[in-house]
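The following exercises are to be worked through with the sequence and the 3D structure at hand. Each task is followed by a solution in steps.

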Amino acid sequence: MSALDFTLLDSLGADLRSLRKSRGLTLSRLAEIIGKSVGWLSQVERNLSEPSINDLRDLAKALDIRMSMLFGQAKAVPEEAGFVVRQGARRTIGSNEAGLVEELLSPDLTDDFEMVHSTFVPGAELEMPVTRPTQEVGYLISGKLNITIAGKCFIIQPGDSFRIRGQAFQYANPYQEPAVAIWVIAPPVY
């Protein structure tokens, strides 16, 4: 089965480049990891070559993302492409582990930051602290969320916001309703 059987993102090459750079990988290192030439990978990043489904699987594994992130969401009308992301056209990102469902609100991953719609289902919990080389700001829209940043525990309520600057963090939603947040991350990690 080839990638032609699926709808690839219009921004696939640029998104791959951003993901590669956010992970500190050079073209040659990523090419080595996936067993391809630097020239081939460069062409994919410039949308001059289309990867096969197996290539996409290898790229997703090497970049630690779900393969579905590399496929297109609902197409934007031409005047809106790159500017507007309609609610039904959001791209699901992340792993959906630990009770967290994430959708990309940004049109693609080519900016210096990404904006994410995060839903923490009841019972969601990130048990082990995570540290990322990022600056992140979250704003809770609904529900309640327990968040621990640099060892300090906070209960976040609707209208509250928080910031994480490369510190270890964890979250938990021990409440009966989902917690919904808008999360801005720089540089992009998805």
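A polar contact is a pair of N or O atoms within 3.5 Å; within protein, one must be able to donate a hydrogen and the other to accept it, and residues adjacent in sequence count only if both atoms are side-chain atoms. The model is predicted, so local features need pLDDT of at least 70 and side-chain atom pairs pLDDT 80 or more, while totals for chains, interfaces and linings use all residues. Residues are numbered from 1 along each chain as its sequence is written, and side-chain values use heavy atoms, leaving out hydrogens and water.

**Exercise 1.** Determine which backbone atom the side chain of S106 reaches.

Step 1. The side chain of S106 reaches the backbone nitrogen of M115 at 2.9 Å.

**Exercise 2.** Is E45 buried or exposed?

Step 1. Buried means under 20% relative accessible area, exposed over 50%, and partly exposed in between (1.4 Å probe, protein chains only).

Step 2. E45 has a relative accessible area of 5% and is therefore buried.

**Exercise 3.** Identify the salt bridge between E45 and R20.

Step 1. A salt bridge requires a side-chain nitrogen of Lys or Arg within 4 Å of a carboxyl oxygen of Asp or Glu.

Step 2. The side chains of E45 and R20 meet at 2.6 Å, N to O.

Step 3. E45 lies in helix α3 and R20 in helix α1, 25 residues apart.

Notes:
Helix = DSSP H or I, 4+ residues; strand = E, 2+ residues; numbered from the N terminus.
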